[in-house]
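Trainee: I have a new structure open and would like to learn how to read it. Could you walk me through it, one feature at a time?

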Amino acid sequence: MTCQDFNDNLYRYLDESLDEQTRAAAVEHLRSCSDCRAELKQEEQFAAFLTPALKREVAGVFFDARPLSGLTTAPQSGIPSLAELLAGWLISLRRHAGLAALASAAVILLLGLTAVQRFAPQADRPAPEAQGSSGQEFSVINAPLERESHFFERSGNTVRDGVTWHRAVAHARFH
Amino acid sequence: MAEEKADSRRPLGQLDFQQLVESHGDRLIRSAFLLCGDASEAQDLVQETFVQALKGASRFRGDSSDYTWLYGILRNLCFRHLRIRKRLSIREEVVPEPEETASDLIQSESDVKFCSARLSEALQSLSPDHREVILLRYYENLRIEEIALRTGVSNGTVKSRVHYAVRALRQFLPTEMNVFATAGTNNTTGL
């Protein structure tokens, strides 16, 4: 067995999963190769250091099963129950809190804009009048319209021809 | 930690879900913590693992142990989570922390805290694939063949990943912790 062969089989040697023949060759190689003995010892020492260190690292970590307390029965069919869907949705919501906040902000903004459009007074629209010149009540139901009209005014032997511009309501509903 | 075969060949539909959570919750969250490095994220990931397990319970044929099946779900969630986190972290501005040498830390904190911080940092410096083999090899104490089955890659790939990850960890950990780096050539294997 060469050093390369031993390195290839190092972890399986430590796992004691080599076949008899390969293991005997590895042992024989270790007797004569100080480099591979050093490599083996380093690996053993690394494992001796790392395994307890990792266990210490996670010693204070425990799973909080309370959020799953409603999910105590495995479903008998492939159709998820309402509780599962709700739990899954809550977990997804918690994991994607940023996205949920963004969506909520967008909805609030949309509702706000709609409210402003609905209730804000519009500057270019003439204020609806409660009473018309004829005494009839009417309400404005459409946007204003500009209209040009000619007029003739007679004064003695003179006729004055003029043009006036009106801002008129395009449609009105009379009661 | 040897693989548990007690629950093999038993469909999950017959299991008490609460018992499953109690039996494997802590072990799963510790694996998730080592993989993602954050206890809160690990809690969420394990919760989602159980929810997905419940949804897919009818498809579990009992070919593997309950834990192996749950770990498979957790690992997929963790890797997906780490990919998303990596994409997000690229956009974050990195604020450089003041340099603190290993000797400073040893003087100011307890050795245990120092080791924990350094080890956690060292683990997070590895890729998720390499971190996972460290977890399975040195925390779960699995053999190469068992890791290959768990991760779905060949024995050769597992050996290569373990080899690379161990070298990377040795380089990252400071000399004060790196006791194994000073190993001599003495025979410790009874040869």
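Trainee: Let's start inside. Which residues have the most contacts inside the largest nonpolar core?

Mentor: Here's the general idea: in soluble globular proteins, nonpolar side chains tend to be buried together. Bear in mind that this is a predicted model. Its largest nonpolar core has 59 residues. Those with the most contacts inside it are Leu50(A) and Leu54(A) from chain A, plus Val46(B), Phe50(B), Ile134(B), Tyr138(B) and Val162(B) from chain B.

Trainee: And which helices supply at least two residues each to this core?

Mentor: From chain A, look at α4, residues 34-57. From chain B, the list is α1 (17-36), α2 (39-55), α3 (66-91), α5 (111-124), α6 (128-139), α7 (144-151) and α8 (155-172).

Trainee: Can we zoom in on one core residue? What does Val46(B) touch?

Mentor: Setting aside residues up to four places away in sequence, Val46(B) touches Phe63(A) in chain A. In chain B, Val46(B) touches Gly25(B), Leu28(B), Ile29(B), Ala32(B) and Leu74(B). There's also a second, separate core, with 10 residues. Among them are Leu18(A), Ala26(A), Val27(A) and Cys36(A).

Trainee: Which residues line the largest cavity?

Mentor: To read a lining, ask who is there, where they sit and what class they belong to. The residues are Glu57(A) from chain A, with Phe33(B), Leu34(B), Gly37(B), Ser120(B), Leu123(B) and Gln124(B) from chain B. In chain B, α1 and α5 each supply at least two lining residues, and α5(B) gives the most, with 3 residues. By class, the lining has 3 nonpolar, 3 polar and 1 charged residues.

Trainee: Let's step back to whole chains. How many helices and strands does chain A have?

Mentor: Chain A has 6 helices and 4 strands. Along the sequence, the pattern reads α-α-α-α-α-α-β-β-β-β. For chain B, the tally is 8 helices and 0 strands.

Trainee: What share of each chain's residues counts as buried?

Mentor: For chain A, 25% of its 175 residues count as buried. For chain B, 46% of its 191 residues do.

Trainee: How about contacts across the sequence? What percentage join residues at least 24 apart?

Mentor: Begin with contacts between residues at least 6 apart in sequence. In chain A, 40% of those join residues at least 24 apart, and in chain B the figure is 69%. As for accessible surface, chain A has about 12300 Å², with 57% belonging to carbon and sulfur atoms. Chain B comes to about 9700 Å², with 49% from carbon and sulfur atoms.

Trainee: Next, backbone angles. Which way does phi go in most residues other than glycine, negative or positive?

Mentor: Most residues other than glycine have a negative phi. Now look at Glu16(A): its phi is near 60°, a positive value. Glu16(A) lies in the loop between α2 (10-15) and α3 (20-32) of chain A. Another case is Asn141(B), with a positive phi of about 55°. Asn141(B) sits in the loop between α6 and α7 of chain B.

Trainee: Why does Glu16(A) count as exposed?

Mentor: Glu16(A) counts as exposed because its relative accessibility is 60%, and exposed means over 50%. Asn141(B) is at 38%, so it counts as partly exposed.

Trainee: Let's finish with Phe79(B). Is Phe79(B) buried or exposed?

Mentor: Phe79(B) is found in helix α3 of chain B. At 14% relative accessibility, Phe79(B) counts as buried, because the cut-off for buried is under 20%. Leaving aside neighbours within four places in sequence, Phe79(B) is in contact with Pro128(B), Asp129(B) and Glu132(B). Phe79(B) and Asp129(B) are 50 residues apart along the chain, yet their C-alpha atoms are separated by 8.7 Å.

Trainee: And Ser40(B), where is that found?

Mentor: Ser40(B) is in helix α2 of chain B. At 41% relative accessibility, Ser40(B) counts as partly exposed. The C-alpha atoms of Ser40(B) and Ile29(B) are separated by 9.7 Å, with the two residues 11 apart along the chain.

Technical notes
Residues numbered from 1 in each chain as written. Chains lettered and ligands numbered in written order. Predicted model: local features only at pLDDT ≥ 70, side-chain atom pairs only at ≥ 80, totals over all residues. Heavy atoms only, no water. Core = buried A, V, L, I, M, F, W, Y, C linked by side-chain atoms within 4.5 Å. Buried < 20%, exposed > 50% of the residue type's maximum accessible area, 1.4 Å probe, protein only. Contact = heavy atoms within 4.5 Å. 1 Å grid on protein atoms, 1.4 Å probe; cavity = no way out; pocket = protein on both sides within 12 Å on 5 of 7 lines; lining within 4 Å. Nonpolar A, V, L, I, M, F, W, Y, C, P; charged D, E, K, R; others polar. Areas by Shrake-Rupley, 256 points an atom, 1.4 Å probe, with all protein chains shown as cover.
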